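Have the model open beside you as you read.

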Amino acid sequence: MHLLDAAATEAALPFHRLIPALREAFAAGDTVVPPRQVLALPGLVGAPGVTSLVMPAWQGRHYAVKTVNIAPGNAASGLPGLHAVVTLFDAQTGVPLAVLDGGVVTARRTAAASALAGSWLAPRGRPLHLLVVGAGAVARLLPMAWREVRPLATVSVWARRTEQARALAMHWRSLGLIAEAADRLDDAVAEADVVSTATLAAEPLIEGRRLKPGAHLDLIGGFTPAMREADDDCFRGAGLWIDQPEALAKSGDLLGPMARGVFGAGDVRGTLSSLARGEAPGRRSDEERTVFKSVGTALEDLTAARLAIERPAG
């Protein structure tokens, strides 16, 4: 059985391999993804408990389960509040094949899915100005994923804590990107060709009136009904795609505008599966604004885990 810690998991999932693997998995359409299970584990007397999310998926001879444990009480002990592992099994025999760092898998497959959607939805024909909103684990990876599908002219980053944005821009510059921290979010949004948000915001950060014609908005946060990164104007007059149908029931970014009649479920132009199979069109024109909303799926965890134990050709 392969045991991959954080560094080994990261090394096993380069974006130039992960993005095509996700494209193939979404196109195949034969992965079984049951609903995730949410377990509430009681804590000791007077202490908060642990919420455990169990996310299974299987396809062919492989079966994977991601377990995410959220422990708010860990802060008092100086421990991270979230821990996750992905376990890969042989689906025919039940033999464990690998255990991977679940946090790394989640961050890398999430960034890769955004870039995959962008391969159909982002502007074409010129190097792009990418704006990253947020400075967490997923945000840190976004430029490296995006440059696999589009040439990047510049990368900007905005975060609530300016020092985090500046440190992240410096990190990207060390990797050869032209990167800078943005002081004003509204101005940065107005200048960007692609706006990619990876935050835990509960109120909209992005105003649709600030987005320029032809811009692509990639919404990664907002994966619960109580979270939201974009206002209603972001969706008015824009083409909308989602990663999977469950997004319409889980995302506050979508539930609010739908309840207010901004758009309906029938206005969604496609999912990653329908895009990958060529059943849904991508961007229609240079001037069209596009929006992609993701909430994540265990299909991506299974694909990443399987890829991590495969030896690359050559």
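## Helices across the sheet

Helix H5 (residues 162–174) lies across S7, S8 and S9, and runs at about 175 degrees to S9. Helix H4 lies across S7 (128–133), S8 (152–158), S10 (194–197) and S11 (216–219), at about 160 degrees to S7. Angles here run from 0 to 180 degrees between N-to-C directions, with axes fitted to C-alpha atoms, for helices over the stretch in contact; contact means heavy atoms within 4.5 Å. Helices (H or I, at least four residues) and strands (E, at least two) are DSSP runs, numbered from the N terminus.

This is a predicted model, where local features need pLDDT of at least 70, side-chain atom pairs count only at pLDDT 80 or more, and totals for chains, interfaces and linings use all residues. Residues are numbered from 1 along each chain as its sequence is written, and side-chain values use heavy atoms, leaving out hydrogens and water.

## The sheet itself

Seven strands make an open sheet with parallel pairing, ordered S9-S8-S7-S10-S11-S13-S12. S9 (179–181) and S12 (239–242) are the edge strands, each with a single partner, so one side of each has no neighbour in the sheet. From one strand to the next, the twist averages 15 degrees.

S12 is joined to S13 (residues 290–293) by four bridges; strands pair if DSSP finds at least two bridges between them. Gly239 stands opposite Thr290 in S13.

## An enclosed helix

How much of H4 (residues 137–146) is buried? Eight of its ten residues are buried, so H4 is largely enclosed by the rest of the structure. Buried means under 20% relative accessible area (1.4 Å probe, protein chains only). Among these residues are Leu141, Leu142 and Trp146.

Notes: Buried means under 20% relative accessible area, exposed over 50%, partly exposed in between (1.4 Å probe, protein chains only).
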